[in-house]
Protein chains: 2
Amino acid sequence: MEERQARTAFAALSQETRLRIVRLLVQAGPDGMAAGAIAESVAVSPSNVSFHLKDLEHAGMIVPRREARSIIYSADFNGLRDLIAFLMKDCCAGHPEICAPALAAAQCGPSTAKKKARA
Amino acid sequence: MEERQARTAFAALSQETRLRIVRLLVQAGPDGMAAGAIAESVAVSPSNVSFHLKDLEHAGMIVPRREARSIIYSADFNGLRDLIAFLMKDCCAGHPEICAPALAAAQCGPSTAKKKARA
DNA sequence: CCTACAATTCAATAATCATTGAAATGAGGA
DNA sequence: TCCTCATTTCAATGATTATTGAATTGTAGG
């Protein structure tokens, strides 16, 4: 992944509505959700959600597909993985065992994000 | 992690200089780097790097410590983990086995970010 | 104590971005 | 074909955010 695209992705995730959309779709999984359902779920106007969906698509965080009259969006898990990998690339100068323990809990799942004592 | 802080973190990472600083410090590991060395490494003015360092510190992405006359910054690996965990929380409605394969390569390390066929 | 240096603060400017409502597109069903 | 509905586009406005250079703080070493 190039730096430029990573910045676009982080910028996309830095906005309230867009972050909620991505998390909604991450939790929805591969089935995804229609644009209208997303708009209702995050409580913004159709016009505005369309604006943000395009931004997220351009950032490689979500992917659209047509289904009947609706357009279904789902999280782009490959894009998400690439973004995280870019951020963490060559961590600890190629000795990930140094920071791996601190990152172990970052794997996705229902309850991996536990509260813990911060260093 | 709260949504608000996650947004602050993503916004911090969305800026060219700040993203470079974080990746620099991720690769530098726990030893970290002095503010001046960071400024030189990313080629911006001391004033400007100070501005961005404060922003990254406030976002929980880096942590400072004093050492003689210098201030040494290092990546906050706990903060990075929390951010990733927040983004991926409850992925696939609590069935991470669906998306885990797509995210497996996101672990930090020297060469985990391989090129692969995107779905 | 006083000088030098590393880092930060400050005010002003320029640039980018989110939001709104109305109008337009385009795919399906009757 | 015609009509309906889901989504998108557009232009205008208001609100953040990055950058710059000068001035300031605070820490040490002589």
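Author: What follows describes the protein surface around each DNA strand, and then the strands and helices of the chains.

This is a predicted model, in which local features need pLDDT of at least 70 and side-chain atom pairs count only at pLDDT 80 or more, while totals for chains, interfaces and linings use all residues. Residues are numbered from 1 along each chain as its sequence is written, chains are lettered from A and ligands numbered from 1 in the order in which they are written, and side-chain values use heavy atoms, with hydrogens and water left out.

DNA strand C has 20 residues around it, and A:Arg18, A:Ser47, A:His52, B:Gly36 and B:Tyr73 come nearest. A residue is near a strand if one of its heavy atoms lies within 4 Å of it. The elements that each supply at least two residues of this surface are α4 (46–58) of chain A and, from chain B, α3 (35–42), α4 (46–58) and β3 (70–75). Helices (H or I, at least four residues) and strands (E, at least two) are DSSP runs, numbered from the N terminus. By class, the surface near DNA strand C has seven nonpolar, eight polar and five charged residues; here Ala, Val, Leu, Ile, Met, Phe, Trp, Tyr, Cys and Pro count as nonpolar, Asp, Glu, Lys and Arg as charged, and the others, Gly among them, as polar.

Sugar or phosphate accounts for 72% of the atoms of DNA strand C within 4 Å of the protein, and bases for the rest. The side chain of B:Ser47 has an N or O atom 3.0 Å from a base oxygen. For B:Ser50, a side-chain N or O atom is 3.0 Å from a phosphate oxygen, and for B:Arg69 the partner is a sugar or linking oxygen, at 3.3 Å.

DNA strand D is also surrounded by 20 residues, of which A:Gly36, A:Tyr73, B:Arg18, B:Ser47 and B:His52 are the closest. In chain A, α3 (35–42), α4 and β3 each supply at least two residues of the surface near this strand, as does α4 of chain B. That surface divides into seven nonpolar, eight polar and five charged residues. Of the atoms of DNA strand D within 4 Å of the protein, 72% belong to sugar or phosphate. Phosphate oxygens of DNA strand D lie 2.5 Å from a side-chain N or O atom of A:Tyr73 and 2.7 Å from one of B:His52. A backbone N or O atom of A:Ala35 lies 3.1 Å from a phosphate oxygen of DNA strand D.

In chain A, β3 belongs to an open, antiparallel sheet of three strands in the order β1-β3-β2. β1 and β2 of chain A stand at the edges with a single partner strand each, so one side of each has no neighbour in the sheet. Strands pair if DSSP finds at least two bridges between them. Two bridges join β1 (residues 33–34) to β3 (residues 70–75) in chain A, with A:Ala34 opposite A:Ile72. Six bridges link β2 (residues 62–67) of chain A to β3(A); across this pairing A:Val63 stands opposite A:Ser74, and A:Arg66 opposite A:Ile71. The hairpin of β2(A) and β3(A) has two residues between the strands, and A:Ala68 there takes a positive phi near 55°.

Terms used:
A polar contact is a pair of N or O atoms within 3.5 Å; within protein, one must be able to donate a hydrogen and the other to accept it, and residues adjacent in sequence count only if both atoms are side-chain atoms.
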